[in-house]
Structure formats: C-alpha cells, structure tokens
Amino acid sequence: MKILYPGTFDPLTNGHLDLIERAEKIFGNLVVAVLENTSKTPTFNLQRRIIQIKNSLSHLPNIEVISYSGLTVDCANDLKANLILRGLRAMSDFEYELQIAHTNKSLNNDIETIFLSTNTNYSFLSSSLVKEVAKFGGEINHMVPASVERDLKEYFK
C-alpha cells in the first residue's frame, strides 16, 4: 500500500511532522508530495521546502519526499498510491477536506482519502499562523522543526 500526503508545506510545521510520524507507524511508508502551486506565492521556493522536509524527516527511513504540480489524484495515480492522507485540526477543516476528498473520488474512484486528527498539542497550528508569529519575532521553536525555524528567522530578518 502506498500512501500520499500532499500539501504546500510552506513551511512544514510540527503538526505536519506529527501526522507524518504517526502515518509512518501505521502504514510503514509514506510519500510526502510538495505541491508547486502556481496560483500562490510561497514564502520558500519548492526546493527549499523539500530540503526543510527532508532535514526534518531524516529519522524516518520509510518516507519519500517528492514535488508535484497539478491535481493530487493525478500525482497519486502516477505513484500508484492507494490512499491520500489528510490531517484535521478542527471541524472547519473537516468541511473543506471532505469536499476535496469527494472531488478527488469523483476524479479517480480507485483512490481513497483517509483523515488523521491532529494531536491536540498542534491543533492550533497552521503554516500561515507560524509565518505571522515569525514575522513579528515571536517564538516558534515549539511550532516548527529546527531547520524551518532557522529559515524563517533568516527570511524575516
């Protein structure tokens, strides 16, 4: 079974990391797919985000990190992934994520979406929140891996 965890990861948070670690324990392997979204201007370019993720996941040997553009179901299909993993922080996430899961299912009936709820310690985290705190010099070491913290501090210097 191949599991795909897609996202922009701009930047990777400890919430993302928690989901990746837990999914690896459950499924044994995982492909983290970093979206190159041409309609957004990310804080970090695609290569920097991939490096941040690989640095943060070096302790997990069964994780592959790739990039993709376009539809997530096409990426999953190309990789022969059976499942798409999505994280849920709050009820507001559920509505959006369910809509995406139904859309993906309508595009490719062979690919399922599974949801893992975020650890309560990270339920408040979002990449945009982390960037906002970093921008104003707030402490983010409990929100992101060390390499991401360094990059954010450098970026907002």
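Reply: Happy to. Helices here are DSSP runs of H or I with at least four residues, numbered from the N terminus. By that rule histidine 16 lies in helix α1, which covers residues 14-27. Please keep in mind that this is a predicted model.

Let us begin with histidine 16 itself. Its relative accessibility is 18%, so histidine 16 counts as buried, given that the cut-off is under 20%. Leaving aside neighbours within four places in sequence, histidine 16 is in contact with Tyr5, Phe9, Pro11 and Ser127. A separation along the chain can also be set against one in space: histidine 16 and threonine 38 are 22 residues apart in sequence, and their C-alpha atoms are 22 Å apart.

Two of those contacts, Phe9 and Pro11, deserve a look of their own. Phenylalanine 9 is placed in the loop between β1 and α1, and proline 11 lies in the loop between β1 (3-7) and α1. Most residues other than glycine have a negative phi, and most peptide bonds are trans. Phenylalanine 9 is not a glycine, yet has a positive phi of about 50°. With a relative accessible area of 3%, phenylalanine 9 is buried. Then comes the peptide bond between aspartate 10 and proline 11, which is cis, with omega at about 0°.

For another positive phi, go to lysine 80, also not a glycine, where the angle is about 60°. Lysine 80 sits in the loop between α3 (72-79) and β4 (83-88). Here the setting is exposed, at 67% relative accessibility.

Glutamate 24 is buried but takes part in no salt bridge; the nearest side chain of opposite charge belongs to lysine 25, 7.2 Å away. The cut-off for a salt bridge is 4 Å between a side-chain nitrogen of Lys or Arg and a carboxyl oxygen of Asp or Glu. Apart from neighbours within four places in sequence, glutamate 24 has contacts with Asn29, Leu60, Asn62 and Ile63.

Elsewhere, charged side chains do pair up, and the count of salt bridges comes to eight. One of them joins aspartate 151 and arginine 48, with the closest N and O atoms 2.8 Å apart. That pair links distant parts of the chain, 103 residues apart: aspartate 151 is in helix α6 (residues 146-155) and arginine 48 in helix α2 (residues 46-56). Aspartate 151 is buried, at a relative accessible area of 15%, while arginine 48 is partly exposed at 28%. Aspartate 93 and arginine 89 form another bridge, at 2.9 Å between the closest N and O atoms; aspartate 93 is buried at 14%, and arginine 89 is partly exposed at 37%.

Of the contacts with a separation of 6 or more, 74% are between residues 24 or more positions apart. Buried residues make up 48% of the 157 residues. The radius of gyration is 15 Å, which agrees with the value near 15 Å for a compact globule of 157 residues.

Technical notes
Residues are numbered from 1 along each chain as its sequence is written. This is a predicted model: local features need pLDDT of at least 70, side-chain atom pairs count only at pLDDT 80 or more; totals for chains, interfaces and linings use all residues. Side-chain values use heavy atoms; hydrogens and water are left out. The radius of gyration is taken over C-alpha atoms; the globule rule is 2.2 Å times the number of residues to the power 0.38. Buried means under 20% relative accessible area, exposed over 50%, partly exposed in between (1.4 Å probe, protein chains only). Contact means heavy atoms within 4.5 Å. Helices (H or I, at least four residues) and strands (E, at least two) are DSSP runs, numbered from the N terminus. Lys and Arg count as positive and Asp and Glu as negative; His and the chain ends are not counted.
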